[in-house]
Amino acid sequence: MKIGVLFGGPSPEHDISILTGLQALRELNRTGREAVGIYWTKTNAFVAVPDDVEAEAFLGGVPQGSRPLDLQFGDDGGFVERGGRLAKEKTLELEAIVVATHGGPGEDGTIQGALDLAGLCYTGPSAAGAALGMDKWAFGCVVASAGLSTLPRALLTESTESLDFAGPYILKPRFGGSSIGIDVVADFATAKARLKANTHLSFGCIVEPFRADLYDLQIAVRTFPTRALSLIEKPLRRNNDAEILNYRDKYVGGEGMVSAPRELPALLNDSQTSTINALADKLADLLQVRGVARIDFLANDSEIYVNEINTIPGSLSKYLFVNPPVAFRALLDDLIAEALERPTHLYSSVGADGIVLRSAGSIAAKLA
Amino acid sequence: MLSVVEGIALSGAFFAQLVRWLRVLQREHYEPASLRLFFARWSAPRAIGATSLRDFGREVPTSSSAVLVVALVITVARGFDDVGIAITIVYGLLCPWGLSVKGRTGPLHWTRRATTIGIVASAASVAIGISGVFESRPALLAIAMVWVVPVTLDIVTRVLAPFEERQAQKFVDTATKRLRRVDPRVVAITGSYGKTSTKNHLADLLSGDARVVASPRSYNNRAGLSRAINENLADGTQVFIAEMGTYGSGEIAALCSWCTPEISVVTAIGPVHLERMKSLDVIESAKFEITNLASTVVLNVDDERLARWVGRLRDEGKRVLTASRDSAADARVTPVGDTWRIEIDGEEVGEAPVVAGVEASNLACAIAAGVALGRTPKELVAGCSNVRAVDNRLNVATAPSGVVVIDDTFNANPASATRALSALAALSLSGRRVVVTPGMVELGSEQHRENSVLAQSVFAMDAELVTVARTNLKALSEGYRGKTRRFNNRNEAVAWVRTSLVAGDGVLYLNDLPDHYP
C-alpha cells in the first residue's frame with residue numbers, strides 16, 4: 001500500500017501547496033516509504049505525477065508524464081487511474097493521504113468531505129475542523145466566546161452603518177487563508193468603498209482594527225501521538241504566511257536566500273511564552289485540531305491576541321519543531337499514524353429506523 | 001547482407017540522430033521548415049573559442065559534419081561500403097558536434113506528438129533501410145536513412161499534420177466549453193514584444209481586487225492557450241488575460257474565434273519571427289486580427305505603426321484607449337528619476353516607484369486595459385505597487401564577490417537590448433563593464449545587421465563584449481571594433497566572469513539561447 005500526497009487545488013496558495021506536497025513526497029520516497037504525488041489542478045482535475053517531478057514542471061499546468069485520476073465515491077471509492085485502449089482502470093491502493101493543500105477548497109473542508117465520502121483516511125483537519133479554521137468570523141466568535149484574548153472583529157456588509165472600534169482598519173476576506181484581498185484603510189467610509197470595489201471581499205468581509213504596533217508570533221501544535229507545541233517563531237515580515245522560497249539567480253552564485261527571515265525561537269519574556277503556550281493548548285481543543293496546525297498571534301510587549309489558525313500550514317510547519325527536533329519523516333509518520341487511527345468523521349444512522357416512513361402514508365397526502 | 005553488428009550499430013546511429021533532431025523540432029514548435037535551418041546552422045564551420053583577447057588561433061573553415069560528408073561520398077563512390085558504414089556510425093552518434101542528445105536547457109519531452117512522429121519516422125526509415133538489404137550493395141539505403149533524419153522528420157511532421165489538427169481541436173473544444181462555463185471577461189494581448197510583460201503587469205494590477213487568471217509563461221498559440229484554459233481557468237475567475245502570438249496571418253483570428261476578447265491590447269509591431277513572417281507589413285496585418293471581435297482596443301502609440309491604427313479603429317466604431325510613455329495618451333507612464341508619473345485621461349492621477357525591468361509603455365498598456373475593465377485611477381495607482389518585473393528581465397543583483405550582475409536573459413529583441421545596455425551604462429561602477437551575449441535570434445534577414453548594431457553599441461559605450469555560442473558570432477565580432485572573448489556556451493562564460501571580474505565591475509547577461517542553437 002502506498003501513501004498518497006495530495007497538493008495543489010484551485011486556491012491562491014496553489015503554488016505553495018505544490019512546494020509542501022513535493023517536499024513530503026520526496027521525503028517519503030527518499031526514506032523508503034512508497035508514495036505517489038496526487039496533483040489537484042486549478043480546474044479541479046486530479047493527476048498522479050511522476051516521482052521525481054520538480055516544482056518548475058507545474059509552471060504551465062499539469063507536468064509532463066502525469067496520469068489522469070478520478071476521485072470516486074462509495075464502497076470502492078478512491079483515486080482511480082483511468083483506463084485506456086490498452087490499460088485497464090485501476091484503483092490506487094492507498095493506505096492514507098497526506099493532505100498538503102493550502103487555502104480554498106483544500107483547507108476549508110471541501111476536499112476533506114470528498115475524501116470522507118471516498119472512504120480514504122487522510123492527515124490534517126476533519127471537514128468540520130477545516131471549515132471552522134477557514135471561516136475567520138466563526139473562528140473569531142469561538143475564540144471570543146471562550147473568553148480568550150482576541151482583537152475586536154466585525155462582519156462588514158452593505159448594511160453596516162458604523163463600527164464600535166476606531167480605525168485604521170484592516171479588511172480581510174471572511175474565507176481564505178492568504179494575504180490576497182487584504183486591505184488596510186484609514187476610515188470607515190473607505191472601508192465601505194473597498195467592500196464594493198474589492199471582489200475578494202464579495203463573499204464576506206471581516207474588519208478589525210489595524211494595529212501597526214503589533215507583530216506576528218506563530219506556534220505550531222501537533223496532536224499525535226500526544227499533543228506537542230513547537231517553539232514560538234517571530235516572522236520578520238508581515239503577512240508572511242508561507243515559507244517563501246526564492247530561487248535566486250543562477251548567475252549571482254552563493255547560497256541565495258533559503259527561507260524567509262525569521263526569529264526562531266522568538267525572543268520573548270517568560271510570561272509571553274507561557275501565555276502563548278496556554279492559549280495554543282486551549283485552542284487545540286476548541287478548534288478540533290488534528291495533525292499539525294499553526295496558530296498565529298498578534299502581540300506587542302504587553303498584549304497578546306489570538307489572530308488566526310492555519311489548519312494545514314506551509315511545509316507542515318516542519319521547521320518550527322526544532323527543540324526537541326522532529327525529523328520531517330517522523331512528523332509525516334505521526335501524521336499518517338493519526339490518519340489511520342483517529343477517524344475524521346462519525347456518520348450515524350441510529351434513529352433512522354423506518355418508523356417515520358411507515359407512518360407517513362402517501363407523499364401526495366402530505367402535500368395536500 | 002549486412003551483418004547483425006552493422007545493423008545494430010546503424011540503428012543506434014539512426015536513433016541518436018532521431019532524438020537529436022526530434023528535440024530541435026519540438027523546441028521549434030514542430031515547424032517542419034526549422035529542421036532545414038538548424039541543420040544548416042549546425043553544419044556550418046565553427047569558430048574557435050578563446051578566453052584571452054590575443055590567443056584565438058586560426059579559424060577552421062570546415063566542420064566535422066562537412067569532413068564526414070566528403071569522406072562518405074568518396075568511400076561510397078569507390079565502393080568501400082564498410083568504411084561508409086563506419087563513417088555513418090561516427091556521424092550518427094556524435095554529429096552535429098555540440099548538438100546534445102539529452103539537452104541542457106530543454107530536454108526532449110516524449111509527448112504524444114513527439115512519440116507519434118518518432119515512431120512513424122523510425123518505422124518508415126527501418127522499412128526503407130531493410131528493403132535495401134537485398135540489393136547488390138545492401139548498406140546504401142540504411143546509410144542514407146541515418147543521414148537524412150532531418151528530412152524524414154520534416155516529411156513525417158507534414159504528413160501527420162492533419163491528424164494533429166484533429167487532436168488539437170479536441171483540446172480547443174474542451175477549452176471553449178470551459179470558457180463558456182466560467183464566463184470571464186477576456187483580455188487578449190499581442191505584440192511583437194512586451195506581450196508577456198504586459199500580461200503579467202495587468203494581472204498584478206488587478207490581483208488585489210479581482211480573481212484574475214493569466215495564461216502562464218509564454219503559452220500563446222492554439223495548443224498553449226487551450227491548455228492554459230483547461231488547466232488554469234479556475235471556476236469563479238472574473239478576468240482571463242490571454243497572450244496571443246502568431247507565426248502567420250489568420251492564426252490570431254482563429255484564436256479569437258473561440259477565445260473571443262472583449263478588450264484587445266497590442267504592445268508593439270517589430271521585426272520578430274521574421275524568419276516566418278517575411279515582412280513588417282505581414283506582421284502588422286496579422287496582429288491587426290486581434291481587434292476584429294473586440295469592442296475595446298488598447299494600443300501602445302509610441303509605436304508608429306500602432307499610432308496609425310487609432311483613427312481607423314475609431315472609424316470602425318470601437319473604443320480605443322491609447323497608452324504611451326512619450327506623449328499624451330489615455331494612459332501615460334513617464335519615468336521621472338525613481339518614480340513613474342501616471343496620467344489617465346490627461347490628468348496626473350498619482351505616482352509609483354519605478355520597478356527595474358518594467359518598461360513604462362508596457363505598464364501604460366496594462367493601466368489602459370485596467371481602465372477599460374472599469375478600474376478607477378486610484379485603484380490602478382495602488383495596483384502599481386504589486387507590479388513586478390518578469391523573471392530574467394533586467395533583474396539587477398550584486399553577487400557575493402561584489403560584481404553587479406544584470407540578468408536580462410529573457411528573450412532579447414532589439415528594443416529590449418537597447419534598454420539593457422542603458423541599464424548597464426547607468427550603473428555607477430569603478431571597474432569594467434562586460435556584456436555577455438549570444439546575440440538575438442528569430443530576426444530573419446535582419447538578424448545579422450541587428451546583432452552587428454548591438455555589438456557596435458557595446459563598443460560605443462566602452463564595454464567589453466563576450467560572445468556565447470556561434471549562432472551570431474560572426475555578426476557580433478564584425479560589429480565590435482575591438483577583440484572579443486568567445487565561449488562555446490553560457491556556463492563557460494559564467495565561469496570566466498566569476499573568476500575574472502571583481503568588486504566594482506558590472507556584467508550584463510543579455511539573452512540566453514536554448515542549446516539547440518549552435
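I began with the term that the chain contacts rest on: two residues are in contact if their C-beta atoms, placed from the backbone, lie within 7 Å. I also noted at the outset that this is a predicted model.

**Entry: between the chains.** On that criterion I found 18 residues of chain A in contact with 28 residues of chain B.

Entry: I traced an open sheet of 7 strands in chain A, with mixed pairing and the order β6-β5-β4-β3-β2-β1-β7. At its edges stand β6 (90–91) and β7 (94–99), each with a single partner strand, so one side of each is left without a neighbour in the sheet. Within the sheet I looked up the pairing of β3 (residues 46–49) with β4 (residues 67–72), which run antiparallel and are joined by 3 bridges; here A:Val47 has A:Pro68 of β4(A) as its bridge partner. I also followed helix α7 (residues 328–341) of chain A, which lies across β1 (2–8) and β7 and runs at about 120° to β7(A).

Entry: I checked the peptide bonds and found the one from A:Leu264 to A:Pro265 to be cis, with omega near -5°; A:Pro265 sits in the loop between β14 (262–263) and α6 (270–286) of chain A. The bond from A:Asn323 to A:Pro324 is also cis, with omega near 0°, and A:Pro324 belongs to the loop between β16 (304–310) and α7 of chain A. The loop between β16 and α7 of chain A also holds A:Ser317, which has a positive phi of about 55° although it is not a glycine. Is A:Ser317 buried or exposed? I noted 23 C-beta neighbours inside 10 Å, and since 20 or more are needed, A:Ser317 counts as buried.

Entry: Chain B is divided into domain 1 (4–163), domain 2 (183–386) and domain 3 (395–510), and I noted 42 Å between the centres of domain 1 and domain 2, taken over C-alpha atoms.

**Entry: strand β12 of chain B.** Why is β12(B) described as largely enclosed by the rest of the structure? I went through residues 433–437 and found 5 of the 5 buried, which is why the description applies. B:Arg433, B:Val435 and B:Thr437 point one way from the strand, while B:Val434 and B:Val436 point the other way, and all are buried. β12(B) runs parallel to β15 (residues 506–510) with 4 bridges between them, and it pairs in the parallel sense with β13 (residues 464–468) over 4 bridges. B:Val435 has B:Leu508 as its bridge partner in β15(B) and stands opposite B:Leu465 in β13(B).

**Entry: the crossover beside it.** I followed the chain from β12(B) through helix α18 (residues 447–460) to β13(B), which together make a right-handed β-α-β unit. In the loop between α18 and β13 of chain B lies B:Asp462, a residue other than glycine with a positive phi near 70°. With 9 C-beta neighbours inside 10 Å, B:Asp462 counts as exposed, because the cut-off is 12 or fewer.

Definitions and conventions:
Residues numbered from 1 in each chain as written. Chains lettered and ligands numbered in written order. Predicted model: local features only at pLDDT ≥ 70, side-chain atom pairs only at ≥ 80, totals over all residues. Helix = DSSP H or I, 4+ residues; strand = E, 2+ residues; numbered from the N terminus. Pairing = 2+ DSSP bridges. Right-handed = clockwise from strand over helix to strand, strands pointing away. Axes fitted to C-alpha atoms, helices over the stretch in contact; angles between N-to-C directions. Domains from an automatic or database assignment.
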